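This report goes through one protein model, feature by feature. The sequence and structure come first.

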Amino acid sequence: MSNHRVAHRYAKSIMELSLEKGILEEVHADFVKLSSMAKGNRDLTLLLNNPIISSEKKLKVLNALYATGAQKMTLTFFEIVSRKGRENILVDVAKEFENQYNIHKSIQVAELTTTFAIDEKLRKQFLEVVKEISGMETVQLVEKINPDLIGGYILKVNDRQLDESLSSKLRILKAEFSENHYESKI
């Protein structure tokens, strides 16, 4: 079974249990913290994925990282996963938990890539576009900056992508020019 499917099942289980116990927000905060730590510290991901390091040591590291303020259910979950030797999927579980949390809370996540940091006026306009596309009232906009776009933006909502970047338009023009140039030689 793939890691994604296993992570989905684990995330679903802890999600349902945290809903049942009324501690969804606290458990969500713990998984957000894990995702953030893994994103900001490559060594943590390497540690969790390393088959040479024992599960006990990995669990000790996790317990040390969550020494203050972690939900008891989250720590118990880490222990269960550790006993099964599946620490390598914890970061994937955290991502999948976030996805399921957003679905449960009807939050639409959209990714916006621009060449510069956008102001509040533009942010509101993009939020409205995402609301219109998705039909959801609550939108979380993940903003990224990529100077290689030259200008414009790329907006991703679920499996839809609106690419209004200058670099994309230049690639299209180049392809059309090459095609027309080739046809004129024939």
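## A pair within helix 7

Glu 128 and Lys 131 lie three residues apart in helix 7, so about one helical turn separates them. Helices here are DSSP runs of H or I with at least four residues, strands are runs of E with at least two, and both are numbered from the N terminus. The side chains of Glu 128 and Lys 131 meet in a salt bridge, with 3.8 Å from N to O. A salt bridge is counted when a side-chain nitrogen of Lys or Arg is within 4 Å of a carboxyl oxygen of Asp or Glu. Glu 128 is partly exposed at 48% relative accessible area, and Lys 131 is partly exposed at 25%. For these terms, buried means under 20% relative accessible area, exposed means over 50%, and partly exposed is in between, with a 1.4 Å probe and protein chains only.

## Basis of the model

The model is predicted, and local features need pLDDT of at least 70, side-chain atom pairs count only at pLDDT 80 or more, and totals for chains, interfaces and linings use all residues. Residues are numbered from 1 along each chain as its sequence is written, and side-chain values use heavy atoms, with hydrogens and water left out.

## Other salt bridges

Side chains of opposite charge can pair when their charged atoms come close. The whole structure holds seven salt bridges. One of them joins Lys 105 and Glu 25, at 3.0 Å from N to O. This pair links distant parts of the chain, with Lys 105 in the loop between helix 6 and strand 1 and Glu 25 in helix 2, 80 residues apart. Lys 105 is partly exposed at 37% relative accessible area, and Glu 25 is partly exposed at 38%.

Helix 7, which spans residues 120–134, also contains Arg 123 and Glu 120, three residues apart and therefore separated by about one helical turn. Their closest N and O atoms are 2.8 Å apart, in a salt bridge. Arg 123 is partly exposed at 22%, as is Glu 120 at 46%. Elsewhere, a network of salt bridges links Glu 111, Lys 144 and Lys 156.

## Aromatic residues

A pair of aromatic rings is described by the distance of the centres and the angle of the planes. Rings of Phe, Tyr and Trp (its six-membered ring) pair if their centres lie within 6.5 Å; planes under 30 degrees apart count as stacked, over 60 as edge-to-face and the rest as tilted. The search of the whole structure finds seven aromatic pairs. In one of them, the ring centres of Phe 77 and Phe 78 are 6.4 Å apart and the planes are at 55 degrees, so the pair is tilted. Both of these residues, Phe 77 and Phe 78, are buried.

Phe 77 and Phe 78 belong to one aromatic cluster with Tyr 10, Phe 31, Tyr 66 and Phe 97. Over the face of Tyr 66 lies Lys 33, at 4.7 Å from the ring centre. A charge sits over a ring if NZ of Lys or CZ of Arg is within 6 Å of the ring centre and within 35 degrees of the ring normal.

## The largest pocket

The largest pocket has a volume of about 900 Å³. Of its 26 lining residues, Glu 98, Asn 99, Asn 102, Val 109 and Val 142 are the closest to its centre. A pocket is an open set of points on a 1 Å grid over the protein atoms alone where a 1.4 Å probe fits, with protein on both sides within 12 Å along at least five of seven lines; lining residues have an atom within 4 Å of a point. The volume is the space filled by probe spheres set on the points, which are joined across faces, edges and corners.

Helix 2 (24–40), helix 6 (90–104), strand 1 (107–114), strand 2 (138–145) and strand 3 (153–157) each supply at least two lining residues.

## Positive phi angles

Most residues other than glycine have a negative phi. Ile 150, in the loop between strand 2 and strand 3, has a positive phi near 70 degrees. Ile 150 is exposed at 53% relative accessibility. Asn 158 has a positive phi of about 55 degrees and is found in the loop between strand 3 and strand 4 (160–163). Asn 158 is exposed, with a relative accessible area of 61%.
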